[in-house]
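Subject: Structure handover, salt bridges

Hello,

Please find the structure below. My notes on its salt bridges follow.

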Amino acid sequence: MDLKKQANTILYSAYKKACNSEESYCQHKSFIDFVLDNNHLTYKYVLFTALLAKSTDSNINPLCLQKKSTLTGAYDARSLCHKVIVPFEMTTLRKVLGGSNEPFLNKPARFTELNKSNAVRRGKDQEILFSLCDNLPLIKSSSVAFECLVYFLQKLLYQIDINVKEQTFYIPPENAIPSKIINFVEKVLEQSFEGETLTLMVAGIYHLRYLNSNTIVEVHPVNQAGKSGREISDLDIYKDNKLLCANELKDKLYTETDVRFAADKVIHAGGTKMLFIEGPRGVAKGDFAKLLISEYDAKHFMLDIVPYDMFFRIVISSIDSIDIYEFIKFIMYTAHNTKFKTKTIKYIDEMARLYLNLSH
């Protein structure tokens, strides 16, 4: 039996134990907590893969990422992750780690092995790398690795329960009026969370606008360009599988180059229009809007740059009936499914409690 088949068996055995027991004993609990409780998705997949590999074969070196590593115990971590862990996470674990199709294609996992000299951003990301380098070698046997794997899975199961609870709620129907939703959006946008709140509010309003039609509002991870296979802009809307509208969102200082790059990407994809939406902190570096819009008009491409408050008031005024429950449900589902920050999700939940009387 090859490594992947053995690992698949071990993974389901660990999952069964994680489901059927209380918090398991794990001598490396604080290490696993540190990696999982931070935001670096790739290193979470790296840890998952290392624990599964070591649980399957005690001769494996959990620091290795590629078979061509010169370290003793090298193995193909990428193949194990993509063939065993990815499908398991997609289905059984409800994409709780991030739902990445190929996490080992990301730069932190493209080295031959984990090493403190690997290129990584300073700060928390570097701390996680150092923690992996220091702690993985301490897991010396398959039995200890299996204990760690069970604990790792229990942490993920706990997070799944939290995600489900956050998406189960009630909102009094009297809050389903335009003024209430405008007030809610304004309050939420007082905090940016690196543009995540703007993206979710715009997506939610579009969802209401096209509710009960054959239209898909497709949201892409903020500040992670290209993660989706058909990503064109920050927020793409498709009708009958054809691009209906592309939206670029900026809640910080932006330049003419930013607008051009986004518009040209839409043109390259065959689109004919794009809305560039400024958030509360979205400020243009220069007075270029009118000339740029005219330039793209001449190219038979409709470009508009609009402030967020104008966008929300115009679109909300065009919605026949506001389904406030559906609005929040879509936002929360999208935030979880697209792996927005936990603090962003908690913040929106808190705002909905305060201004829409949401209760779980």
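Buried means under 20% relative accessible area, exposed means over 50%, and partly exposed covers what lies in between. Note that the model is predicted.

By that cut-off Asp349 counts as buried, because its relative accessible area is 9%. Its salt-bridge partner is Arg353, at 2.8 Å from N to O. Arg353 is partly exposed, with a relative accessible area of 42%. Both residues belong to helix 13 (residues 342-356), where they sit 4 residues apart, about one turn of the helix.

Elsewhere, shared partners connect salt bridges into one network made up of Lys29, Asp33, Asp37 and Lys155. In total the structure holds 15 salt bridges.

Two further pairs:

- Arg281 and Asp251 form a salt bridge with an N to O distance of 2.9 Å. This pair links distant parts of the chain, 30 residues apart. Arg281 lies in the loop between strand 5 (273-278) and strand 6 (283-284), while Asp251 lies in the loop between strand 3 (242-250) and strand 4 (253-254). Asp251 is buried at 9% relative accessible area, whereas Arg281 is partly exposed at 31%.
- Arg121 and Asp125 are joined by a salt bridge whose closest N and O atoms are 2.9 Å apart. Here Arg121 is exposed, with a relative accessible area of 63%, and Asp125 is buried, at 12%.

Regards

Technical notes: Residues numbered from 1 in each chain as written. Predicted model: local features only at pLDDT ≥ 70, side-chain atom pairs only at ≥ 80, totals over all residues. Heavy atoms only, no water. Salt bridge = Lys/Arg side-chain N within 4 Å of Asp/Glu carboxyl O. Buried < 20%, exposed > 50% of the residue type's maximum accessible area, 1.4 Å probe, protein only. Helix = DSSP H or I, 4+ residues; strand = E, 2+ residues; numbered from the N terminus.
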